[in-house]
Amino acid sequence: MSYRHPYHTLPFIGLFLMTMGCAPFATTSTVSQKGKGQKPPVWAIKQVNVIPMTTGGHVLPNVSVVISQGRILSLDGPIPPGARVIDGRGKWLIPGLIDMHVHLATDSHFGSKLPTQGATTFFDTQDVMTPYIANGVTTLFDLNSKPEHFGQRNDIARGDVIGPRMALAALINGGNGSGRIVHTPSDGRQAVRSAKAEGYEFIKVYSQLDIETYKAIIDEADKQGLKTVGHIPNAFRGKVEQAFVPHFGMVAHAEELSKQAGDFSDREAQRLAALMAANGTWLSPTMIAMKRIASQTRSLDELRASPLLRYVHPLLQSKWLTANNYNRNRTPEGIARLDQLLAFHVRLVQACKKAGVPMVAGTDTGVSGVMAGFDLHTELELLAEAGFTPEEVLNSTTRLPAIWLGIDGEVGTIEVGKRADLVLLDANPLDNVKNTRAISGVIVNGRWLSKTTLDRMLSDLSRRNTASRDQYDWKKVTGN
Ligand SMILES: [Zn+2]
């Protein structure tokens with residue numbers, strides 16, 4: 001797409017070379033061409049209430065936060081002369097949010113293709129990232145990553161796109177599908193080593209793996225220094241305890257537990273939670289994905305009426321509204337089952353909380369009906385409804401995911417020396433988690449984006465999506 005985003009010309013805060021080398025996806029490994037020769041501005045957020053999200057950290061009322069070269073230079077220090085000042089009075093500053101389960105759209109080719117042929121459907125990287133940034137999401141975890149995702153990450157690192165930090169997981173499955181398919185432990189181990197060689201930082205295990213291959217993958221991933229996240233393979237039905245092997249780092253959905261439940265009793269929820277806790281396995285419940293699936297299975301009315309649909313790529317809008325398999329395959333029994341699951345997932349989350357299982361917020365964006373960026377806030381509200389305190393909710397999307405990803409030295413809390421990934425709010429999220437939606441501005445890697453800029457990015461995206469809608473008919477493009 002030749003469209004040039006107007007905000008490319010906004011002042012660029014220098015992404016200058018830092019020899020930190022700790023974050024696997026650091027966005028500062030090269031000096032952007034755009035940053036060359038420009039002195040990066042120093043920013044100060046004046047008289048703001050800082051919610052640092054450090055362990056035991058209290059709110060710092062009415063302090064001035066100084067940001068220089070993409071990092072937090074001081075909390076409550078003097079404002080250097082020449083700094084650009086943002087008025088923080090009456091506002092609240094939290095760490096940038098982390099969505100721990102997304103599937104980012106990438107350039108694609110549908111149907112058969114010739115050697116030398118590239119993609120035929122393109123997803124502008126800025127358009128993919130804008131809804132995240134506009135919602136304060138400054139880090140995300142893609143759970144089925146492809147080479148195109150490295151390209152997107154580099155678009156951001158180069159400074160051509162304003163986007164979040166990206167952690168990338170390579171998916172390994174069994175069965176007969178496409179992708180990295182393995183059926184033996186030694187092939188599983190080789191798939192992990194290959195994924196590492198290709199540059200992936202995490203491994204995702206999937207539903208069709210057989211038991212021994214699954215165990216070998218997790219063991220090899222640990223040997224290679226990669227953490228594992230994923231589904232609990234179907235092969236563990238009736239013996240789920242065997243799935244909890246050392247280094248199975250995180251279960252990707254509450255549904256992976258409910259699929260293994262003998263019944264939907266509290267006792268069964270507690271049994272599953274105890275297995276998670278004993279193995280040190282974390283949970284990303286992704287309750288919002290199930291909620292959206294249940295809604296679409298019933299009817300497409302809610303989705304069709306959503307004011308957020310305009311921020312979704314028109315090809316996906318067409319898929320969701322004209323080729324929606326959840327809705328096509330609906331049965332009264334299926335709808336009743338989804339309602340049961342939604343209720344049981346709340347009790348699972350409660351049991352996990354009681355058992356001390358760390359939980360992180362993820363949306364499974366990519367599933368039809370889940371709105372990038374916006375629905376992370378919905379997931380936060382669902383966690384609050386399940387009984388999380390506002391502080392626990394904020395933890396689940398800041399400090400804890402940073403720890404799981406191994407980047408807590410860089411992001412996840414507001415501390416001197418950390419990267420300036422920050423969200424400025426008009427209201428206190430510790431009073432009500434809904435206030436995480438009251439965004440006054442976002443700082444991503446030291447770059448300030450006011451509410452006005454964020455709104456302009458969104459309206460620009462919406463305008464172009466709407467203008468090109470007629471070019472994207474899911475059935476015509478894909479033949480499905
Ligand atoms: Zn997913």
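The protein chain contains 16 helices and 16 strands, where helices (H or I, at least four residues) and strands (E, at least two) are DSSP runs numbered from the N terminus. This is a predicted model, in which local features need pLDDT of at least 70 and side-chain atom pairs count only at pLDDT 80 or more, while totals for chains, interfaces and linings use all residues. Residues are numbered from 1 along each chain as its sequence is written.

Let me turn to the chain as a whole.

Now to one residue, Pro-164, which sits in the loop between helix H2 (147-158) and strand E8 (165-173). Is Pro-164 buried or exposed? Pro-164 is buried, because 28 other C-beta atoms lie within 10 Å. Leaving aside residues up to four places away in sequence, Pro-164 touches Met-129, Tyr-132, Ile-133, Val-137, Thr-138, Thr-139, Leu-140 and Val-444, where contact means that the C-beta atoms, placed from the backbone, lie within 7 Å.

Finally, a pair of helices: the axes of H12 (residues 374-385) and H13 (residues 390-397) come within 9 Å and cross at roughly 140°, with axes fitted to C-alpha atoms, for helices over the stretch in contact, and angles running from 0 to 180 degrees between N-to-C directions. The contact is made by Leu-376, Leu-380, Leu-383 and Ala-384 of H12, together with Pro-390, Val-393, Ser-396 and Thr-397 of H13.

Definitions and conventions
Contact = placed C-beta atoms within 7 Å. Buried ≥ 20, exposed ≤ 12 C-beta atoms within 10 Å, placed from the backbone.
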